[in-house]
Structures are given as structure tokens and as C-alpha cells.
Amino acid sequence: MFTTLLGEHFVHTALLAGAVVAIVSGAIGVFVVMRGLSFAVHAISELGFTGATGALVLGLSPVVGMIGGSLAVGAALGVLSLRGRERDSAIGAVLAFGLGLGVLFLSLYQGYATAATNILFGSIVGVDDAQLVALAGVAALVLVALAIVYRPLYFAAIDPEVAAARGVPVRGLSVAIFLLVALTTAEAIQVVGVLLVLTLVITPAAAAQRLTVRPGLTVLLSIGIALVSTEGGILLSLAKDWPTSFFISAISFAFYAAARLRSFLAGT
Amino acid sequence: MTQLVVSVEGLGLRFGDRELLRDLTFELERGEFLAVLGPNGAGKTSLLRILLGQLAPTAGRVVLDRSRIGYVPQQRVFDRDLPLRGRDLVRFGLDGNRWGVGRLPPADRRRIDDVIASVGASALADAPLGRLSGGEQQRLRVAQALISEPGLLLADEPLLSLDLAYQQVIVSLLDERRHSAGTPVVFVTHDVNPILNAVDRVLYLGPDGWAIGAVDDVLNTETLSRLYGIEVDVLRVRGRVVVVGTPDAEHVHHVH
């Protein structure tokens with residue numbers, strides 16, 4: 001059963017889509033963790049749900065609605081450039097209202113309930129060729145943008161005051177990172193779903209940063225962990241009929257737990 | 001050698017009813033070492049932020065080239081789990097403002113090693129930045145500012161949490177830079193003594209005004225009493241400057 005599935009086209013598409021999303025999530029995750037944006041990512045993701053359900057009600061593609069919702073929140077958070085507790089509570093308030101809207105849209109939507117379930121929990125095996133091309137296109141855009149802003153972005157994340165003194169456009173980069181995070185989130189939602197985006201965007205990066213202090217290696221390790229988690233999760237879900245998202249989150253959490261255990265044993 | 005690098009004219013800064021700077025005017029020449037002194041809240045850090053272009057003054061104007069500023073900010077301890085080594089922090093001074101991902105050429109790698117050695121931090125180069133002490137991080141910050149080949153150095157309490165030996169290392173590095181490359185230094189500090197041998201002029205920001213000039217022309221009983229609006233004594237004890245009677249130096253009295 002498992003080996004026959006491996007020959008199926010939809011499985012290949014799923015594995016490719018998973019790889020694309022894992023690479024981009026793992027890379028952006030390092031900056032998300034460094035800037036303390038986990039909660040913001042969660043909010044961007046849930047507002048993607050609001051956008052997707054809104055699009056369903058209007059008879060549009062949920063993916064378009066999702067990207068729209070994520071980008072709108074990402075742009076707003078970037079432009080407002082709130083800090084610390086203020087950002088925390090502002091995100092909480094917007095997130096709660098956004099979810100309320102999502103619930104309303106869902107009740108207004110008369111179509112299949114699976115569309116909503118897929119948004120919430122992911123539907124990697126349902127990815128078709130056209131979707132894969134779109135995923136790869138957006139991922140390429142994010143990765144190229146990330147490569148261009150990489151050094152100033154790292155500088156600004158670590159030491160905003162000095163970076164600004166050296167002429168780094170700190171404010172503009174803050175907006176840029178939120179937009180890239182929003183695009184990445186919209187990608188990750190299609191694999192693991194709204195509720196599990198953090199498992200690809202946060203967990204691998206959080207594990208990687210416990211394994212090394214070298215900036216470049218942190219990014220590569222984070223990508224590697226995201227890749228192994230995603231591909232491993234997809235393969236395991238073929239062998240045992242449990243949700244893919246569960247396996248992906250379980251593997252990436254295992255990496256995180258192992259990394260924490262390692263630093264605990266090393267006494268750091 | 002009288003090339004102006006910074007020109008500050010009629011500078012005023014006010015937050016609501018609180019006036020921090022009033023009609024502040026001074027110029028900074030190539031190679032000059034200026035110490036900025038004054039009690040907490042007198043506007044020392046604000047002045048640096050105005051020079052950096054990060055804070056807009058409420059009056060007056062500032063003329064300087066902001067493209068090559070080396071900045072050592074007031075100590076702010078880094079997050080413990082930051083994925084960054086000491087050498088990565090220093091590297092930001094070299095190429096942190098450049099776009100793109102780039103491998104470091106061997107020559108630049110050597111420059112980084114050299115500047116880290118010059119602040120006595122070679123053993124810290126590969127250590128996680130977040131696990132270093134405040135003083136160790138501070139030395140790396142100075143290295144970062146120096147490696148950027150700055151045309152102007154702005155340092156905000158760079159000697160904080162450094163022991164005497166490293167204070168002297170940092171001061172002589174800044175001193176050397178202004179002599180060899182003509183980079184003027186604006187050095188904000190609460191204690192002038194560690195830099196007495198290097199400093200050309202002192203800018204004192206007091207509660208009742210400001211004064212600028214050679215060390216002895218500013219740090220004397222008459223001038224500081226005027227700047228504080230109360231009786232303040234300035235003594236010279238074994239070559240050190242000791243200020244007695246300022247409101248924020250109450251602890252000095254308790255020692256007696």
C-alpha cells in the first residue's frame with residue numbers, strides 16, 4: 001500500500017509542495033524567532049483564515065482570500081511598528097475580532113465544510129499542479145527578497161539603533177519582514193493549515209538557534225529541520241492514516257525537544 | 001587641520017514643558033576629542049540621537065555627514081539565545097549595511113580578527129554573544145564601530161562595566177583613531193577621569209545651561225556652580241577631577 005502510494009502523482013506533488021513550503025518557512029522562521037514575532041505569525045495566520053472564509057462566502061478562491069488577509073495584517077503590523085506589550089495586546093485584540101469574523105463567514109458559507117477544515121488543518125495531499133506552481137512562485141519571490149535584505153535584516157534585528165546609524169532602513173525592513181512573513185504564512189497554511197503554521201515557521205528555527213550560534217548555519221539548519229519534518233510527515237501519513245499535520249508537528253517538535261535537551265545537558 | 005566635521009547651531013530640544021537643550025552651539029573639528037558630561041537626564045544621549053538623525057530637535061540645526069558614523073550605543077544586554085557570535089557583531093560594522101548575502105573575503109576576515117584582538121577580545125570572537133558579560137559585549141561594540149572606518153565616532157558611556165585596564169584600552173583605541181584618521185570623537189560619559197589625557201574639550205550639559213571649552217575652563221567651581229544653579233565644588237585630587245555637591249552625586253556625601 002505504502003509503496004504503491006509512492007508511485008502516485010499526487011504524492012509527488014505533495015512532497016514537492018511540502019519541500020517548497022518547508023524551505024521558505026525554515027528560512028523566514030529564523031528572523032521571526034529573533035524578532036520575537038511568534039504571536040504575530042499566529043495572528044497573520046488566523047487572519048488568513050478570516051480572509052479565506054470571506055473569499056468562500058463571496059465565491060472566490062480561498063487561497064486568494066487567505067493571502068489577502070495575511071498580507072493586510074502583515075502590512076498593518078509592519079507599518080504600525082508596535083513594540084513589546086503594546087504590540088502583544090494589539091495583536092490579541094485584532095486576532096480575536098478576526099476570528100469572530102471568520103466564524104461569521106463560515107456560518108454564512110453554504111458550501112462543503114471540508115473547504116473550511118482544509119484551511120484550518122491543512123490539505124497537503126490535495127495540492128494540484130497549478131497550486132504547486134503558485135506555491136513555488138511565491139516561495140521563489142520570498143527567498144529572493146530574503147537573500148537581498150539578509151544582511152541588513154539580520155543587523156536590524158540584532159541591533160536596530162546601530163543599524164539605523166549605519167544607514168540601514170530599519171523601518172522599511174520592518175515592513176518588509178512582515179510582508180515576507182505574511183506570504184510565507186499563506187504558503188504554510190496550505191500545507192499544515194492555519195492552526196499549525198507555527199510548527200513550520202517557529203519550531204524549526206527555535207530548534208536551530210539552540211544548536212548553533214553561527215547566523216548562516218542557523219538558517220540552513222532551520223531549513224533542514226523544516227524539510228525533514230514536512231517530508232517525513234507526509235511519508236508517515238501515507239504509511240499510517242493519521243493527519244499529515246500531526247506528523248509534521250510531531251517531528252518538528254521532536255527536533256525542538258532534542259535541541260533543548262542538548263543545551264540542557266551541555267549546561268547552557 | 002581646521003576642517004569642520006560637525007556644526008551645531010542654536011540647538012533646542014524640548015519634551016512638553018521640559019527643556020533639555022537650549023541654544024546649544026558648537027563645532028567639531030577633524031581629529032577632535034569632545035567629552036559630553038552632565039547629570040542624568042541633561043540631554044547627553046538626546047544630543048547623540050540628534051547627531052545620528054534619530055531625534056528631531058525642536059530648534060536650531062545640525063550639519064554633518066551621516067554616511068560614515070561609528071556608533072557605540074549605551075549598553076543594552078543582548079538576548080541570551082541570540083544566534084550570533086562575537087565576530088558576527090563586529091562584522092556588522094563592516095558589511096551589515098550592504099544588500100545581499102555575501103561570503104567574507106579572507107582579507108576582511110583578517111581585519112575582523114585584528115580589530116577584535118585590538119580590544120582584547122580574541123578569546124570571545126566565537127563565543128555566543130548573548131552569553132558574554134556587559135563589558136565583553138561593550139568591547140566588541142567598540143570593535144564594530146572601529147572596523148567601519150568611521151568619519152565620526154559617537155560613543156554613549158562606552159566605558160560602562162569595563163575594568164580600569166580595559167577602560168584604558170578603549171580610550172587609547174579611540175584616541176589613536178582620531179590621530180591616525182582624523183576621526184573626531186564625541187564621548188558621552190558621567191566620569192571624565194578615565195579620558196582626561198585624551199580629551200580636547202568638554203561640553204557640560206547642566207540643569208541651568210551648558211558650557212564648552214578646555215577641561216579646566218569648564219570643570220571648575222565657578223562654571224559648574226553656574227550650570228547647576230547651586231554651590232558646587234570642583235577639586236583636583238591626585239590629578240583626578242572630583243565634583244562635590246551636585247544633586248545627583250548625593251552618595252559622595254554619604255562617603256564622608
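**View 1. Residues that bring helix 3 of chain A into contact with helix 5 of chain A.** In this predicted model, the helix 3 side of the contact consists of A:Phe39, A:Ala40, A:Ala43, A:Glu46, A:Leu47, A:Phe49, A:Thr50, A:Thr53, A:Gly54, A:Leu56 and A:Val57. They meet A:Asp88, A:Ile91, A:Val94, A:Leu95, A:Gly98, A:Leu99, A:Leu101, A:Gly102, A:Phe105, A:Leu106 and A:Leu108 of helix 5 of chain A. Sorted by class, this contact comprises 15 nonpolar, 5 polar and 2 charged residues. Helix 3 of chain A spans residues 38-57 and helix 5 of chain A residues 84-108; their axes lie 8 Å apart at an angle of about 25°. Angles under 35 degrees count as roughly parallel, and the two helices are therefore roughly parallel to each other. The crossing of helix 3 of chain A with helix 5 of chain A is left-handed.

**View 2. Packing of helix 2 of chain A with helix 7 of chain A.** Helix 2 of chain A (residues 9-34) packs with helix 7 of chain A at an angle of about 20°, and the axes are 10 Å apart. This pair is therefore also described as roughly parallel. Helix 2 of chain A passes helix 7 of chain A in a left-handed crossing. Helix 2 of chain A contributes residues including A:Leu16, A:Val20, A:Val24, A:Ile28 and A:Phe31. Among the residues that helix 7 of chain A contributes are A:Leu132, A:Leu135, A:Ala139, A:Leu143 and A:Leu146. By class, there are 19 nonpolar residues in this contact, with 1 polar and 1 charged.

**View 3. The side of chain A that touches chain B.** Here 23 residues of chain A are in contact with 22 residues of chain B. On the chain A side, the elements giving two or more residues are helix 7 (129-158), helix 8 (160-165) and helix 12 (215-239) of chain A. Helix 7 of chain A gives the most, with 8 residues. The chain A side divides into 14 nonpolar, 4 polar and 5 charged residues.

**View 4. An open sheet of 3 strands in chain B, with a helix packed on it.** The strand order is 2-1-4, and the pairing is antiparallel. Strand 2 (18-29) and strand 4 (59-64) of chain B are the edge strands, each pairing on one side only. On average, neighbouring strands of the sheet are turned by 15° against each other, direction ignored. Strand 1 of chain B (residues 4-15) is joined to strand 2 of chain B by 8 bridges. In one of the bridged pairs, B:Phe15 has B:Arg18 of strand 2 of chain B as its partner. Helix 1 of chain B (residues 44-52) packs on the sheet and touches strand 1, strand 2 and strand 4 of chain B. The direction of helix 1 of chain B makes about 120° with that of strand 1 of chain B.

**View 5. The hairpin of strand 8 and strand 9 of chain B.** Strand 8 (residues 201-206) and strand 9 (residues 209-213) of chain B run antiparallel and are joined by 5 bridges. B:Tyr204 stands opposite B:Ala211 in strand 9 of chain B. The hairpin has 2 residues between its strands.

**View 6. Prediction confidence along chain A.** Chain A has a mean pLDDT of 90, and 99% of its residues reach 70 or more. Among the elements of chain A, the lowest mean pLDDT, 78, belongs to helix 6 (residues 113-121) of chain A, and the highest, 96, to helix 11 (residues 203-211) of chain A. Where pLDDT is low, predicted coordinates should not be read in detail.

Note on methods: Residues are numbered from 1 along each chain as its sequence is written. Chains are lettered from A and ligands numbered from 1 in the order in which they are written. This is a predicted model: local features need pLDDT of at least 70, side-chain atom pairs count only at pLDDT 80 or more; totals for chains, interfaces and linings use all residues. pLDDT is the predictor's confidence in each residue, from 0 to 100. Helices (H or I, at least four residues) and strands (E, at least two) are DSSP runs, numbered from the N terminus. Two residues are in contact if their C-beta atoms, placed from the backbone, lie within 7 Å. Ala, Val, Leu, Ile, Met, Phe, Trp, Tyr, Cys and Pro count as nonpolar, Asp, Glu, Lys and Arg as charged, and the others, Gly among them, as polar. Two strands pair if DSSP finds at least two bridges between them. Axes are lines fitted to C-alpha atoms, for helices over the stretch in contact, and angles run from 0 to 180 degrees between N-to-C directions. Angles under 35 degrees count as roughly parallel, over 145 as roughly antiparallel, 65 to 115 as roughly perpendicular and the rest as oblique. A crossing is left-handed if the near helix is turned anticlockwise from the far one by less than a right angle, and right-handed if clockwise.
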